[in-house]
Amino acid sequence: MPVKTKKLKERYASITAPGPFSPEEAFTILKKACTDVPMKFDETVEAVIRLGIDPRKPDQNVRGTFSLPHGTGKTPSVIVFALGDKAEEAKAGGADEVGGDDLAERIKGGWTGFDVAVATPDMMKVVGPLGKILGPRGLMPNPKTGTVTFDVKTTVEDFKKGKVEYRNDQFGNVAIPVGRISFEVEKLLENYLEFYRTLLRVKPAASKGLYMRSASVSATQGPGIRVNLSAATK
(Lines give C-alpha, C1' and ligand atoms only; values in the text may rest on other atoms or scores of the structure.)
Protein backbone atom coordinates (compact mmCIF):
# COMPACT_ATOMS: atom_id res chain seq x y z
CA MET A 1 0.00 0.00 0.00
CA PRO A 2 1.47 3.40 -0.98
CA VAL A 3 2.72 5.56 1.88
CA LYS A 4 1.38 9.10 1.95
CA THR A 5 4.06 11.76 2.15
CA LYS A 6 3.76 14.69 4.55
CA LYS A 7 2.76 17.03 1.73
CA LEU A 8 0.17 14.60 0.40
CA LYS A 9 -1.33 14.26 3.88
CA GLU A 10 -1.52 18.05 4.10
CA ARG A 11 -3.24 18.20 0.74
CA TYR A 12 -5.81 15.60 1.76
CA ALA A 13 -6.42 17.38 5.07
CA SER A 14 -7.35 20.57 3.22
CA ILE A 15 -10.35 18.84 1.60
CA THR A 16 -13.09 18.94 4.21
CA ALA A 17 -16.06 17.67 2.15
CA PRO A 18 -16.21 14.13 0.70
CA GLY A 19 -17.78 15.07 -2.63
CA PRO A 20 -18.65 14.31 -5.33
CA PHE A 21 -18.31 17.80 -6.75
CA SER A 22 -19.19 19.41 -10.04
CA PRO A 23 -16.21 19.33 -12.45
CA GLU A 24 -15.57 23.04 -11.90
CA GLU A 25 -15.65 22.66 -8.12
CA ALA A 26 -13.38 19.59 -8.31
CA PHE A 27 -10.70 21.43 -10.29
CA THR A 28 -10.97 24.46 -8.01
CA ILE A 29 -10.49 22.30 -4.91
CA LEU A 30 -7.65 20.33 -6.51
CA LYS A 31 -5.79 23.48 -7.61
CA LYS A 32 -6.12 25.07 -4.16
CA ALA A 33 -4.91 21.93 -2.38
CA CYS A 34 -1.91 21.64 -4.69
CA THR A 35 -0.95 25.33 -4.82
CA ASP A 36 -1.30 25.79 -1.04
CA VAL A 37 1.13 22.88 -0.58
CA PRO A 38 3.25 23.15 -3.75
CA MET A 39 5.65 20.66 -5.28
CA LYS A 40 8.81 21.60 -7.16
CA PHE A 41 7.33 20.85 -10.58
CA ASP A 42 4.20 21.58 -12.58
CA GLU A 43 2.12 18.49 -11.90
CA THR A 44 0.00 16.75 -14.51
CA VAL A 45 -3.75 16.78 -13.87
CA GLU A 46 -5.44 13.50 -14.78
CA ALA A 47 -9.11 12.70 -15.29
CA VAL A 48 -10.53 9.20 -14.93
CA ILE A 49 -14.02 8.02 -15.87
CA ARG A 50 -15.17 4.48 -15.09
CA LEU A 51 -17.47 3.12 -17.76
CA GLY A 52 -20.22 0.52 -17.43
CA ILE A 53 -18.72 -1.72 -20.09
CA ASP A 54 -17.47 -5.28 -20.09
CA PRO A 55 -13.79 -4.95 -21.11
CA ARG A 56 -13.66 -8.69 -21.83
CA LYS A 57 -15.92 -8.15 -24.85
CA PRO A 58 -14.24 -6.52 -27.87
CA ASP A 59 -17.49 -4.85 -29.00
CA GLN A 60 -17.67 -2.93 -25.71
CA ASN A 61 -14.14 -1.55 -25.62
CA VAL A 62 -13.56 2.12 -26.38
CA ARG A 63 -10.45 3.49 -28.02
CA GLY A 64 -9.61 6.50 -30.13
CA THR A 65 -8.15 9.98 -30.20
CA PHE A 66 -9.45 13.52 -29.82
CA SER A 67 -7.99 16.99 -29.41
CA LEU A 68 -8.01 18.84 -26.11
CA PRO A 69 -8.96 22.53 -26.61
CA HIS A 70 -6.02 23.67 -24.50
CA GLY A 71 -3.60 20.77 -24.92
CA THR A 72 -1.99 18.83 -22.09
CA GLY A 73 0.68 21.36 -21.17
CA LYS A 74 3.31 19.04 -22.60
CA THR A 75 4.59 18.74 -26.15
CA PRO A 76 4.77 14.99 -26.80
CA SER A 77 7.66 13.25 -28.51
CA VAL A 78 6.37 11.74 -31.77
CA ILE A 79 8.19 9.20 -33.93
CA VAL A 80 7.13 8.19 -37.43
CA PHE A 81 7.80 5.03 -39.42
CA ALA A 82 7.93 6.28 -42.98
CA LEU A 83 10.24 6.39 -46.00
CA GLY A 84 10.79 8.69 -48.97
CA ASP A 85 8.42 11.59 -49.43
CA LYS A 86 6.35 10.57 -46.43
CA ALA A 87 9.43 10.71 -44.24
CA GLU A 88 10.05 14.26 -45.41
CA GLU A 89 6.40 15.14 -44.69
CA ALA A 90 6.74 13.74 -41.18
CA LYS A 91 9.83 15.86 -40.56
CA ALA A 92 7.99 18.92 -41.87
CA GLY A 93 5.21 18.20 -39.38
CA GLY A 94 7.67 18.25 -36.48
CA ALA A 95 8.34 14.54 -35.90
CA ASP A 96 11.14 13.94 -33.41
CA GLU A 97 12.41 10.78 -35.10
CA VAL A 98 11.66 9.36 -38.57
CA GLY A 99 12.86 6.07 -40.01
CA GLY A 100 12.18 2.49 -40.94
CA ASP A 101 14.22 -0.59 -40.07
CA ASP A 102 16.75 1.57 -38.24
CA LEU A 103 14.04 2.93 -35.94
CA ALA A 104 12.68 -0.58 -35.36
CA GLU A 105 16.13 -1.84 -34.38
CA ARG A 106 16.50 0.94 -31.80
CA ILE A 107 13.21 -0.07 -30.23
CA LYS A 108 14.17 -3.74 -30.21
CA GLY A 109 17.29 -2.63 -28.37
CA GLY A 110 15.18 -1.15 -25.58
CA TRP A 111 14.57 2.44 -26.65
CA THR A 112 11.05 3.70 -25.92
CA GLY A 113 11.77 7.37 -25.29
CA PHE A 114 8.72 8.72 -27.09
CA ASP A 115 5.03 9.35 -26.41
CA VAL A 116 3.38 8.62 -29.77
CA ALA A 117 4.30 6.32 -32.65
CA VAL A 118 2.86 6.90 -36.13
CA ALA A 119 3.33 4.70 -39.19
CA THR A 120 2.33 4.73 -42.84
CA PRO A 121 0.33 1.61 -43.80
CA ASP A 122 3.16 0.22 -45.93
CA MET A 123 5.50 0.33 -42.91
CA MET A 124 3.35 -1.94 -40.74
CA LYS A 125 5.39 -4.90 -41.91
CA VAL A 126 8.28 -3.30 -40.04
CA VAL A 127 6.20 -2.14 -37.06
CA GLY A 128 4.21 -5.37 -36.61
CA PRO A 129 7.04 -7.36 -34.95
CA LEU A 130 7.36 -4.56 -32.37
CA GLY A 131 3.90 -5.31 -30.98
CA LYS A 132 5.19 -7.12 -27.89
CA ILE A 133 7.25 -4.06 -26.97
CA LEU A 134 4.94 -1.22 -28.00
CA GLY A 135 1.58 -2.85 -27.27
CA PRO A 136 1.85 -3.09 -23.45
CA ARG A 137 3.03 0.55 -23.36
CA GLY A 138 0.10 1.78 -25.44
CA LEU A 139 2.48 2.94 -28.18
CA MET A 140 1.56 0.59 -31.02
CA PRO A 141 0.31 2.43 -34.14
CA ASN A 142 -3.32 1.58 -34.79
CA PRO A 143 -5.82 2.63 -37.50
CA LYS A 144 -8.48 3.15 -34.79
CA THR A 145 -6.44 5.94 -33.25
CA GLY A 146 -5.40 7.47 -36.56
CA THR A 147 -1.76 6.58 -36.03
CA VAL A 148 -1.61 4.34 -39.11
CA THR A 149 -2.01 6.83 -41.93
CA PHE A 150 -0.42 8.32 -45.02
CA ASP A 151 -1.32 11.81 -43.76
CA VAL A 152 1.68 11.84 -41.46
CA LYS A 153 2.30 15.58 -41.49
CA THR A 154 -1.16 16.49 -40.20
CA THR A 155 -1.15 13.62 -37.71
CA VAL A 156 2.15 14.72 -36.18
CA GLU A 157 1.01 18.34 -36.02
CA ASP A 158 -2.26 17.33 -34.31
CA PHE A 159 -0.49 15.34 -31.60
CA LYS A 160 1.97 18.16 -31.03
CA LYS A 161 -0.95 20.59 -30.57
CA GLY A 162 -2.80 18.51 -27.98
CA LYS A 163 -4.38 15.46 -29.56
CA VAL A 164 -4.53 12.59 -27.04
CA GLU A 165 -5.28 8.90 -27.21
CA TYR A 166 -7.76 7.20 -24.91
CA ARG A 167 -8.57 3.55 -24.26
CA ASN A 168 -10.23 1.65 -21.44
CA ASP A 169 -8.23 -0.59 -19.14
CA GLN A 170 -9.21 -4.05 -17.92
CA PHE A 171 -11.56 -2.54 -15.33
CA GLY A 172 -13.39 -0.20 -17.70
CA ASN A 173 -11.52 2.93 -16.59
CA VAL A 174 -10.48 5.54 -19.15
CA ALA A 175 -7.79 7.98 -17.99
CA ILE A 176 -6.16 10.90 -19.79
CA PRO A 177 -4.12 13.99 -18.86
CA VAL A 178 -6.27 17.13 -19.07
CA GLY A 179 -3.55 19.69 -18.35
CA ARG A 180 -1.19 20.92 -15.66
CA ILE A 181 -1.86 22.21 -12.17
CA SER A 182 -0.75 25.64 -13.43
CA PHE A 183 -3.68 25.72 -15.88
CA GLU A 184 -6.60 28.00 -15.08
CA VAL A 185 -9.69 26.18 -13.82
CA GLU A 186 -11.57 27.22 -16.98
CA LYS A 187 -9.02 25.52 -19.24
CA LEU A 188 -9.00 22.33 -17.17
CA LEU A 189 -12.80 22.33 -17.24
CA GLU A 190 -13.03 22.80 -21.01
CA ASN A 191 -10.53 19.99 -21.59
CA TYR A 192 -12.46 17.75 -19.19
CA LEU A 193 -15.81 18.42 -20.83
CA GLU A 194 -14.37 17.60 -24.24
CA PHE A 195 -13.17 14.28 -22.78
CA TYR A 196 -16.63 13.65 -21.31
CA ARG A 197 -18.41 14.46 -24.59
CA THR A 198 -16.00 12.25 -26.54
CA LEU A 199 -16.77 9.22 -24.36
CA LEU A 200 -20.49 9.86 -24.79
CA ARG A 201 -20.09 9.94 -28.57
CA VAL A 202 -18.27 6.60 -28.68
CA LYS A 203 -20.60 4.67 -26.37
CA PRO A 204 -20.62 1.06 -27.64
CA ALA A 205 -24.01 -0.10 -28.89
CA ALA A 206 -23.51 -3.33 -26.96
CA SER A 207 -23.12 -1.51 -23.64
CA LYS A 208 -26.25 -1.84 -21.51
CA GLY A 209 -27.30 -0.14 -18.30
CA LEU A 210 -25.51 2.83 -16.75
CA TYR A 211 -22.70 3.84 -19.10
CA MET A 212 -20.75 6.30 -16.96
CA ARG A 213 -20.37 4.91 -13.45
CA SER A 214 -17.99 7.28 -11.64
CA ALA A 215 -15.28 9.86 -12.21
CA SER A 216 -12.43 11.62 -10.45
CA VAL A 217 -9.62 14.08 -11.09
CA SER A 218 -6.20 14.15 -9.48
CA ALA A 219 -2.71 15.60 -9.75
CA THR A 220 0.60 13.73 -9.96
CA GLN A 221 1.13 13.95 -6.20
CA GLY A 222 -2.30 15.21 -5.24
CA PRO A 223 -5.51 13.79 -3.81
CA GLY A 224 -8.21 12.24 -5.93
CA ILE A 225 -11.35 14.38 -6.11
CA ARG A 226 -14.64 12.65 -6.95
CA VAL A 227 -16.65 14.25 -9.75
CA ASN A 228 -20.43 14.37 -10.05
CA LEU A 229 -21.12 13.14 -13.58
CA SER A 230 -24.67 14.47 -13.61
CA ALA A 231 -23.20 17.94 -13.11
CA ALA A 232 -20.97 17.38 -16.14
CA THR A 233 -24.06 16.57 -18.19
CA LYS A 234 -25.59 19.91 -17.25
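**Exercise 1. Locate Asp36 in the predicted model and say how accessible Asp36 is.**

Start with the secondary structure: Asp36 belongs to helix α2. Helices here are DSSP runs of H or I with at least four residues, strands are runs of E with at least two, and both are numbered from the N terminus. Next comes accessibility: Asp36 has a relative accessibility of 49%, so Asp36 counts as partly exposed. The cut-offs are under 20% relative accessible area for buried and over 50% for exposed, with partly exposed in between (1.4 Å probe, protein chains only). Finally, look along the chain: Arg11 is 25 residues apart from Asp36, and their C-alpha atoms are separated by 8.0 Å.

Some ground rules before you go on. Numbering runs from 1 along each chain as its sequence is written, and side-chain values use heavy atoms, with hydrogens and water left out. As this is a predicted model, local features need pLDDT of at least 70 and side-chain atom pairs count only at pLDDT 80 or more, while totals for chains, interfaces and linings use all residues.

**Exercise 2. Find the cis peptide bond at Pro20 and place Pro20 in the fold.**

Check omega for the bond from Gly19 to Pro20: the value is near 5 degrees, and the bond is cis. Then place the proline: Pro20 is in the loop that runs between α1 (6-13) and α2.

**Exercise 3. Describe how α2 and α8 pack.**

Take the geometry to begin with: the angle is about 135 degrees and the axes are 9 Å apart. Axes are lines fitted to C-alpha atoms, for helices over the stretch in contact, and angles run from 0 to 180 degrees between N-to-C directions. The two helices, α2 and α8, are therefore oblique to each other. For the labels, under 35 degrees is roughly parallel, over 145 roughly antiparallel, 65 to 115 roughly perpendicular, and the rest oblique. Now name the residues: α2 brings Pro23, Glu24, Phe27, Thr28 and Lys31, and α8 brings Val185, Leu188, Leu189 and Tyr192. Contact means heavy atoms within 4.5 Å.

**Exercise 4. Which residues touch the most other members of the largest nonpolar core?**

A nonpolar core is a set of buried Ala, Val, Leu, Ile, Met, Phe, Trp, Tyr and Cys residues joined through side-chain atoms within 4.5 Å. The largest one has 36 residues, and Ile49, Leu51, Tyr192, Leu199 and Val217 touch the most other members. As for who supplies it, α8 gives the most, with six residues. Then zoom in on Ile49: beyond four places in sequence, the contacts of Ile49 include Tyr192, Phe195, Tyr196, Leu199 and Met212. Apart from this core lies another, of 15 residues, including Ala104, Ala117, Val126 and Met140.

**Exercise 5. Find the buried side of α3 and of α7.**

Go with α3 (residues 84-93): Ala87, Ala90 and Gly93 are buried there. Those three span an arc of only 120 degrees around the axis, which puts them on the same side of α3. The arc is taken over the directions from the helix axis to the C-beta atoms. An α-helix has 3.6 residues a turn, so residues three or four places apart point the same way. Over on the other side of α3, Asp85 and Ala92 are exposed. The buried set of α3 packs against β3 (78-81), β4 (97-99) and α7.

Now α7, where Val152, Thr155, Val156 and Phe159 are buried. Their arc is only 95 degrees, which puts them on the same side of α7. These buried α7 residues pack against β2 (63-67), β3, α3, β5 (116-119) and β6.

Check what follows each helix, too: just after α3, Gly94 has a positive phi of about 105 degrees, and Gly162 follows α7 with a positive phi near 135 degrees.

**Exercise 6. At what angle do α3 and α7 pack, and through which residues?**

The angle is about 25 degrees, with the axes 7 Å apart. That makes α3 and α7 roughly parallel to each other, with a right-handed crossing. On the α3 side, the contact uses Lys86, Glu89, Ala90, Ala92 and Gly93, and on the α7 side Val152, Lys153, Val156 and Glu157.

Note on methods: Left-handed = near helix turned anticlockwise from the far one by under 90°.
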